[in-house]
Amino acid sequence: MYRIEFNRLRFLVIDDNAHMRRIVRTLLHGYGAREVYEAEDGAAGLEAFTSYTPDIVITDWAMPIFDGLELTSMIRQPGANANPYVPIIMLTGHSEKRRVIEARDSGVTEFLCKPISARALYQRILNVVVNPRPFIKTKTFFGPDRRRNVNPNYVGPERRKGGKAEVIKAQPLLEKLRAPT
């Protein structure tokens with residue numbers, strides 16, 4: 001069992017609903033987080049991402065200017081910003097399977113449906129901190145590995161979209177939490 005030192009993590013919460021931002025911020029502060037930044041739309045979220053370099057981004061799907069998927073795609077552009085590997089948790093009321101797949105294919109790390117629970121949010125954060133997935137880079141995709149279960153004994157043909165994949169290990173957030181302050 002891991003105990004996360006939330007006071008050493010920086011969060012960015014992006015949602016056009018001020019009430020939802022307040023709920024998430026309150027939960028994060030309740031966990032012990034000190035640095036929680038907020039933005040009310042995708043454009044402000046991208047600007048805040050560049051300014052504050054958060055460790056974890058929590059974003060809504062449907063927002064003005066550009067939505068959470070477009071924001072995720074912009075963040076996942078290698079070389080476009082300081083940290084394309086940042087864990088992104090999609091927090092949305094859209095829970096249809098096709099939406100989950102679309103979010104996953106845009107580079108979202110974790111998916112969480114509204115209404116939010118403190119336990120579910122904590123579990124998603126714990127998962128991205130303690131059990132981060134490697135990043136995959138192909139001709140058409142850059143983001144967290146979409147395969148949660150890897151069979152090391154698999155001998156069949158490679159079936160990734162976009163051709164040959166480069167596997168990239170990002171620095172786990174757990175190492176940041178263990179580093180001296």
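Guide: A quick definition before we start: a salt bridge here is a side-chain nitrogen of Lys or Arg within 4 Å of a carboxyl oxygen of Asp or Glu. This is a predicted model, where local features need pLDDT of at least 70 and side-chain atom pairs count only at pLDDT 80 or more, while totals for chains, interfaces and linings use all residues. Residues are numbered from 1 along each chain as its sequence is written, and side-chain values use heavy atoms, with hydrogens and water left out.

Visitor: How many salt bridges does the structure hold?

Guide: Let's take the total before picking pairs apart. For this structure, the count of salt bridges comes to nine.

Visitor: Okay, which residue does Arg-124 meet in a salt bridge?

Guide: Arg-124 sits in helix α5 (residues 118-130), and its partner is 14 residues away, in strand β5 (residues 110-113). Helices (H or I, at least four residues) and strands (E, at least two) are DSSP runs, numbered from the N terminus. The N to O distance is 3.8 Å, and the partner is Glu-110.

Visitor: In that pair, is Glu-110 buried or exposed?

Guide: Relative accessible area decides this: under 20% is buried, over 50% is exposed, and in between is partly exposed (1.4 Å probe, protein chains only). Arg-124 has 24%, so Arg-124 is partly exposed. Glu-110 has 7%, so Glu-110 is buried.

Visitor: How many residues apart in sequence are the parts that Arg-10 and Glu-35 tie together?

Guide: The two residues form a salt bridge, with their closest N and O atoms 3.4 Å apart. At the Glu-35 end, the relative accessible area is 31%, so that residue is partly exposed. Arg-10 belongs to strand β1 (residues 10-14) and Glu-35 to strand β2 (residues 35-39), so the sequence separation of the parts they tie together is 25 residues.

Visitor: What separates Glu-102 and Arg-98 in helix α4?

Guide: These two also form a salt bridge, and 3.9 Å lies between the closest N and O atoms. Both are in helix α4 (residues 97-106), four residues apart, so the separation is about one helical turn.
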